[in-house]
Amino acid sequence: MSELKSASDTYKGWLFKWTNYIKGYQRRWFVLSNGLLSYYRTQAEMGHTCRGTINLATANITVEDSCNFIISNGGAQTYHLKASSEVERQRWITALELAKAKAVKMQAESDDSADEEPASQTDKTEVQNTLRILTSKVEDLSTCNDLIAKHGTALQRSLSELENLKLPPESSEKIKQVNERATLFRITSNAMINACRDFLLLAQTHSKKWQKALQHEREQRIRLEETLEQLAKQHNNLERAFRGATVLPASSSLSAGSAKGSTGSRDLSDEDDENEFFDAMEDVAEFITVQADSRYHRRTGSNISGASSEGAFEDQILDEQLSSSNTSSSTSTVELASKESKHDRRSHIPDKPNYSLNLWSIMKNCIGKELSKIPMPVNFNEPLSMLQRLTEDLEYHELLDRASKCENALEQLCYVAAFTVSSYSTTIFRTGKPFNPLLGETFELDRMEDEGFRSICEQVSHHPPAAAHHAESKYGWILRQEIAIASKFRGKYLSIMPLGTIHCTFLQSGNHYMWKKVTTTVHNIIVGKLWIDQSGEIDIVNRKTGDKCHLKFAPYSYFSRDVARKVTGVVTDNTGKAHFILSGTWDEKMDYSRVLHSSKGENSAEGRQKTVYETLRGKELWKRHKSPDRADTMYYFSELALTLNELEEGVAPTDSRLRPDQRMMENGRWDEANMEKQRLEEKQRTVRRKRESDISKISEGTTLMELSYRPLWFEKREDPYTKEMVHLYKGGYWEAKEKQDWGLCPDIF
């Protein structure tokens, strides 16, 4: 029996948590406090090792049966829990619902103050100055009291003398009334002064306690900051020392060390989806690829099996498409010469200023907060918005152009997979944070004349931040996505998890592909050089045919003997038969190999039976473009990224190119950009408060939908494939641009 304890708003107790299919449910110690549900293996771990935490403010609580319930925050984390009895489950559900309601309320109240600056270091001086002024004012009141008492006594004496004089009855009566009023005035003044003295005494007594408590908290915070910074430096030194250490030549020693490191790292978490990427854990390949004998490449279709004949034919088609695309690009140079003069785009931007800024001094106040609510100066940004970064997914749009010409759906899937991987190639050195778009902000990229596509993005939600994107091409493909960002800042690294599904439709064949993005991790947030890694798995599914491509982005590991940033993939049909193997890196290139046949190999050391694929020689499917000259001084922008913020005529007044703080940062005026950024954020908060105030004053006959914010170019409706409520492009933007009719656009800048 697990025992539930409660102390104020904290609940503690034992629950059973689902870990995996091998271990099943495991007993864990759960702690509910301040809207956060954390768990540990034992109560003794509470002081040093937390196995996982979920924020109830954004979580959904679902009851399965009498003892089981689920807590999920939208896909990033999901806890399957089981209580020992129905009564205990109900106690936990009640406590969780109350904690969630309180967390949601606190989050709403903190929205307006989330961007405020941290407390000033002169708080103590300000408190002392305030007390000094308060004491001075009370002394002034005391002086006034003495004067009132002195003049009041003199007034009463004069009135008494007047009463003793022989005056007419009417005058005596009036003097008596004045004397009574003077006495009342004196009594009231004395009461007021006594109350002021009591207040001063109380303030002086408690101010000393407040100052001591405040000073104690400051000292504790400084000690904590120094300890964290020291730990981060020690960790960085250990990493450097480890990198410089000599690796043992014996393969058995390395394998044993890797196995122990892998076991030790897996002890820190119960599930694969919660594992942190520790350096000692080497990723294990899911399959083995063996290149076929060279004689297969010389055989004709009649000399090989039917599958091989088909493979040789399809291989030839892919080669022809690659060569034809290269030929067409060279032959179209003369044809596009006139257009290049019309669309002569810039190839450089002002160099990035060398401003020094202490990252730790800002990030130490942000541990445990949502990234979208952390007030960040532009020093950590790059002069592009999140909408423009989303548009950068189209850097290698020619892959989709080639895919639209494929008659075979499996070949088409190879190009779509290469396009998916290529979208990460621009992030290898891009450690700057893009600007958070304002609600209603848009970005268009019209390359229909010279490159055959155009796209439109709009920020459709602010809390949580979400952007909708729609792109279309004259070559017969449509790409759409709605992406929201979930982030975790753990002090040393930052994990960025895009939430949402990407859809790509080819009009001629009717093939509809769906996939999600992998997790991006920014390492060495506090100490050391920032570096980025992509990790996770992607399933690209063709909803029409059932074909699937499974891509795996291997996390970086010091012990791995594979190439860094490795990506592998298998393209299978609806029966599960493999047809193509994809391999490469997400920052350089991807190759494809035709599968001749597959077989089951021997069991590996991990106890899993790997599949062995015999393939033809690999051929290049995609390769990253060369970086522009002096890219390191221009935020490591690619050729496309350099042109995204270039001013263009006729764009909507809400376009990211017209955002003033972003433009100031690009021009090197960072101090002005910081002030302008604060002005825009405050303007957005003011508009939101007014909208919330209007909603609170809903009159009869007015629905909430009529008053809540609605995007201009996208509308929220059910996705026909995922059955989720998403924002889909409703049309009208390009028609409005042609007419230059922007009357419906809000004033956000």
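**Rings, strands and cores, term by term**

Author: The charged end of Arg27 sits over the ring of Trp14, 4.0 Å from the ring's centre. This is a predicted model, where local features need pLDDT of at least 70 and side-chain atom pairs need 80 or more, while totals for chains, interfaces and linings use all residues. Residues are numbered from 1 along each chain as its sequence is written, and side-chain values use heavy atoms, without hydrogens or water.

Reader: What makes the charged end of Arg27 sit "over" the ring of Trp14?

Author: The rule asks for NZ of Lys or CZ of Arg within 6 Å of the ring centre and within 35 degrees of the ring normal. Arg27 is listed at 4.0 Å from the centre of the Trp14 ring, so it meets the distance limit. Arg594 is placed over the ring of Phe580 too, at 5.1 Å from its centre.

Reader: Why is the pair of Phe506 and Tyr513 called edge-to-face?

Author: A pair of aromatic rings is described by the distance of the centres and the angle of the planes. Rings of Phe, Tyr and Trp (its six-membered ring) pair if their centres lie within 6.5 Å; planes under 30 degrees apart are stacked, over 60 edge-to-face, the rest tilted. Phe506 and Tyr513 have 5.9 Å between centres and 80° between planes. That is a pair, and edge-to-face, because the distance is within the limit and the angle is over 60. By this rule there are 16 aromatic pairs.

Reader: How do you know that Tyr733 and Trp734 are edge-to-face?

Author: Their ring centres are 5.0 Å apart and their planes stand at 90°, so the pair is edge-to-face. Tyr733 and Trp734 also belong to one aromatic cluster with Trp713 and Trp742.

Reader: Why do Phe506 and Tyr513 count as buried?

Author: Buried means under 20% relative accessible area, exposed over 50%, and partly exposed in between (1.4 Å probe, protein chains only). Phe506 has 2%, so it is buried. Tyr513 is at 0% and therefore buried. Tyr733 and Trp734 are both buried as well. In the protein chain, 43% of the 749 residues are buried.

Reader: What makes Arg565 and Tyr636 "partly exposed"?

Author: Arg565 has a relative accessible area of 29%, which means partly exposed. Tyr636 has 37%, so the label is again partly exposed. Arg565 takes a positive phi of about 60° although it is not a glycine. Tyr636 has a positive phi near 60°, and it is not glycine either. Arg565 lies in the loop between β21 (548–553) and β22 (566–572). Tyr636 lies in the loop between β26 (619–623) and α12 (639–644).

Reader: How do you know that β13 and β14 pair?

Author: Strands are DSSP runs of E with at least two residues, helices are runs of H or I with at least four, and both are numbered from the N terminus. Two strands pair if DSSP finds at least two bridges between them. β13 (residues 453–461) and β14 have 8 bridges, in the antiparallel sense, so they pair. A hairpin of 4 residues joins β13 to β14. Gln459 stands opposite Ala467 in β14. β14 (residues 466–473) has 7 of its 8 residues buried.

Reader: What joins β14 to β15?

Author: There are 7 bridges between β14 and β15 (residues 477–489), which run antiparallel. Glu472 has Ile478 of β15 as its bridge partner. Their hairpin has 3 residues between the strands, and Gly476 has a positive phi near 95° there.

Reader: What makes the 64 residues a nonpolar core?

Author: A nonpolar core is a set of buried Ala, Val, Leu, Ile, Met, Phe, Trp, Tyr and Cys residues joined through side-chain atoms within 4.5 Å. The largest has 64 residues, and Ile540 and Leu582 are among those with the most contacts inside it. Helix α11 (residues 409–422) gives the largest share, 10 residues. A second, separate core has 19 residues, including Leu37, Ile61, Phe69 and Ala83.

Reader: Why is Leu582 called buried, and which residues is it in contact with?

Author: Leu582 is at 1% relative accessible area, so it is buried. It lies in β23 (residues 578–585). Contact means heavy atoms within 4.5 Å. Leaving aside neighbours within four places in sequence, Leu582 is in contact with residues including Cys414, Ala417, Leu551 and Leu621. Ile540, with those neighbours also left aside, is in contact with residues including Leu413, Val416, Tyr513 and Trp515.
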